[in-house]
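Me: I would like to learn how to read a protein model, step by step. Could we go through it together?

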Amino acid sequence: MRYSLHLTTNCNLRCVYCYENKASGQPPKNFVITQAEIDQRMADILKRDDCSELELLGGEVFLYPDIVQYVFEKYAKQFNFIVTTNGTIRSEAIDKMLAKYQPLVGISLDDPQTVEWQRAGIDFERVLANAEYWRTITRVLICAVLTPQNICRIKETFDFYVLEHGFKTIHFGCVEEWMNAYYWQVYEQEVERLIRSTPPDILRRVTLSPWKYYAVNKKEFIYENGVEKLERCNPAKMDMSPYRLSRYAGYCLYCRRIGVEPIPLIPEGVEVVNAA
Ligand SMILES: C[S@@+](CC[C@H](N)C(=O)[O-])C[C@H]1O[C@@H](n2cnc3c(N)ncnc32)[C@H](O)[C@@H]1O
Ligand code: SF4
């Protein structure tokens, strides 16, 4: 089971869609986790004995490389780590840490045409270069966010990062609160355009998420204290949201394109907790 530990709310970018910036206009939350809090949350996770992957989330975690180093050093034997970063901060210490602990590094980079507007403050070429360097020392995943601004460019975004720049794993998230019935329809059409136009041998070779594998889970808070949060993905429960239905349509198409049988929308034993 995957758990997500939030290390900070602070960040050096101001992405237009960011859920960490929802309180814009209000004073910054300015939360940075302490070592004592990390150890408490880790004790909670270890007690549960079901964590296989631990995701470190922010804000921007590499504003505080010493905190990331502390978590890796102390808990590397117990978990596989995933770190999600905006990719803007690189140093010798960060490079060494990534090479030593080999986490999966999720680097947030959207459609190249809209990324500089969406991820305000980014130096796109520099982050792309950092991602290209980090993939030489550990596993890297490109995390692209879809919005109504770039939803017609899913294929072009895939082509740019995977076909032109050689990244092997890409994930397309979506700002659900900006979508409506019309945009979900466009989403499904655009996913279809991508899958139909990409040869099956390329689809088999790369990881195109969230359509390659159908992951059933519901995010739940294990601990929440205003800004300090520990979440887990519960694979026995799921939300039946418009996003899940549209993702499932893409997953079925993907399966057919590569010649495998999709699993059912609601696998046996999975509880739907908020049917639409
Ligand atoms: C909140 S960020 C934290 C990590 C880091 N600062 C970064 O940007 O990668 C985690 C991921 O969520 C994405 N994200 C932020 N706001 C979102 C939203 N409202 N809907 C969907 N994804 C969002 C970001 O692009 C990023 O890939
Ligand atoms: S870099 Fe990450 S945390 Fe910072 S504003 Fe963008 S999405 Fe939010």
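Me: How do the residues of the shell around ligand 1 divide into nonpolar, polar and charged?

Reply: Keep in mind that this is a predicted model. The shell around ligand 1 divides into 8 nonpolar, 7 polar and 2 charged residues. Of its 17 residues, those that come nearest to the ligand are Thr84, Asn86, Ser108, Cys143 and Val175, and the strands β4 (80-85) and β7 (139-146) each supply at least two residues of this shell.

Me: Which residues are the closest to ligand 2, and how many surround it?

Reply: There are 12 residues surrounding ligand 2, with Cys11, Leu13, Cys15, Cys18 and Asn86 as the closest, and the shell is made up of 4 nonpolar, 4 polar and 4 charged residues.

Me: Which residues touch the most other members of the largest nonpolar core?

Reply: In soluble globular proteins, nonpolar side chains tend to be buried together. Here the largest nonpolar core holds 56 residues, and Leu56, Ile107, Leu109, Ala131 and Ile142 touch the most other members, while β7 gives the most to this core, with 7 residues. Leaving aside neighbours within four places in sequence, Leu56 is in contact with several residues, including Leu5, Val61, Phe81 and Val83.

Me: Why does Pro262 count as partly exposed?

Reply: Pro262 counts as partly exposed because it has 13 C-beta neighbours inside 10 Å, whereas a buried residue needs 20 or more and an exposed one has 12 or fewer. Pro262 lies in the loop between α9 (242-258) and β13 (271-272), and, apart from neighbours within four places in sequence, Pro262 is in contact with Tyr214, Tyr251, Cys252 and Cys255.

Methods. Residues are numbered from 1 along each chain as its sequence is written. Chains are lettered from A and ligands numbered from 1 in the order in which they are written. This is a predicted model: local features need pLDDT of at least 70, side-chain atom pairs count only at pLDDT 80 or more; totals for chains, interfaces and linings use all residues. A residue is near a molecule or strand if its C-beta atom, placed from the backbone, lies within 6 Å of it. Helices (H or I, at least four residues) and strands (E, at least two) are DSSP runs, numbered from the N terminus. Ala, Val, Leu, Ile, Met, Phe, Trp, Tyr, Cys and Pro count as nonpolar, Asp, Glu, Lys and Arg as charged, and the others, Gly among them, as polar. A nonpolar core is a set of buried Ala, Val, Leu, Ile, Met, Phe, Trp, Tyr and Cys residues joined through C-beta atoms within 7 Å. Two residues are in contact if their C-beta atoms, placed from the backbone, lie within 7 Å.
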